[in-house]
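Let's take a friendly look at the charged pairs in this protein. Have the sequence and the model open as you read.

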Amino acid sequence: MGRWGIVLKRKNYWLLFAILLLSLTSLSPSMELSTNNDPHPMKKPQSQSTNPSSGEEGTIDSLRITVSLNSEEFNELELLSNRYTLESGVKVILRNIDSEDADEVLKHDLTIGDSPDIVMADGRSILDWATRGYLLPVDVYQSIPGTAPLTQLIPWMQWNGYNWGVPLDIDPYVLVYSPQRLAELGFTTLPRSLEQWNTLLQNVLKEQGKYLLAMDTRNPYGLSAVMESMNSSLLSDNQEVINWTQNARSYFYLTSRYNKDVWDMIQSGSVAVAALPLSEWKKHGNSSLVAEAPLTASNGRGLESYYSRSFALPAQSPNPKEAVNWLTFITSEDSQMDWLENTGSLPALDVLYRSEHDFKYRLPFGVELLLTEETAPEVEFQGGWSKIVEAVSLLLTGKMDAAGYKDFIKEGLE
């Protein structure tokens, strides 16, 4: 064949190898990654160690990351990112969207040509975005040893055998009330059944200008918390609970989760019970009020009513491998403890709630509620989380009746 023929043949082999390697490292989420028919095959997500992995650190100049945080949280994320820059040499450019409608803005970032490297999202939106081809699977780019996130978060991050999100923190919704006000309404404890909630409603109706419940219409977590206290859920076909919601909604004070006036209303007795994020309770609660989890360890199926923020890789992320290095650092044990201490937001790592870490943060519920075993969703809802958000908003605002909501749920579960 001759010396030059051998060289050319070797070059062809190397060219084929390079093309194969390139195709593997740039997998598109629109491709079918698995032939498994189970939409949520259970495997532990790749977890986070303290430091970024070595290898290709510093090979890019900067990362662009879009988040939605309050000013205190954003400052803390900047501090953590600065530490990452010192270790890796990669500059991190953070863009903050301080808006209750941030999910729509973040979703737009996933579809533009000039995409950021990482976006933040409501954890329940991850599968919606992944199945529509908006995201890249995180674990394609790096296999990371270490500890795992809370097992209840796992089903909301996985699809087709891959992990599509990395949880940052959790914010469970709790039911807040004044024991003095409940006593005036004939209750010594929070209602824990549909019958008890109905009795409380009837007692509220005897007074003018009073509300039974306060909750946010922009997300379903508040209504979910109330339904869970009735041993039901947003996707339950329990017609009695749905009918009760329709009949009682005239006595709901519908507001924003960040409305500080709600706390004065609870204190004064204008509102009997409010469904609010734990983070808001930490800021505004006091010794005259009580916050309880909607579920208890004995009747819980795992908390459905907690808000979780997660990071994800846009499908057009320019630097996915370096982005995963940043995620590894930001969601490590050390960073998660700093996040807890400086923002108060609960960490997403399972190990931090175990006894050996001596979790000292005061919770209005037993920490065991956060440590239930991993389970796949009981049912798969067609249309995803965004459709549930829309339906709950329509039900609460009177634009959809109980029959329409039940039909919507039935259609989505078929």
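## Salt bridges in the model

The side chains of Asp 169 and Arg 309 form a salt bridge with an N to O distance of 2.7 Å; the term stands for a side-chain nitrogen of Lys or Arg within 4 Å of a carboxyl oxygen of Asp or Glu. This pair links distant parts of the chain, 140 residues apart: Asp 169 sits in strand E7 (residues 166–177) and Arg 309 in strand E12 (residues 306–314). Strands (at least two residues) and helices (H or I, at least four) are DSSP runs, numbered from the N terminus.

This is a predicted model, in which local features need pLDDT of at least 70 and side-chain atom pairs count only at pLDDT 80 or more, while totals for chains, interfaces and linings use all residues. Residues are numbered from 1 along each chain as its sequence is written, and side-chain values use heavy atoms, leaving out hydrogens and water.

How many salt bridges does a search of the whole structure find? It finds 9, and here are three of them, including the pair above:

| Pair | N to O distance |
|---|---|
| Asp 169 and Arg 309 | 2.7 Å |
| Lys 283 and Glu 280 | 3.7 Å |
| Asp 350 and Arg 354 | 2.8 Å |

Salt bridges with shared partners also join Glu 73, Asp 169 and Arg 309 into one network.

Asp 169 is buried, at 2% relative accessible area, and so is Arg 309, at 9%. Buried means under 20%, exposed over 50%, and partly exposed in between (1.4 Å probe, protein chains only). Lys 283 is partly exposed at 49%, whereas Glu 280 is buried at 4%.
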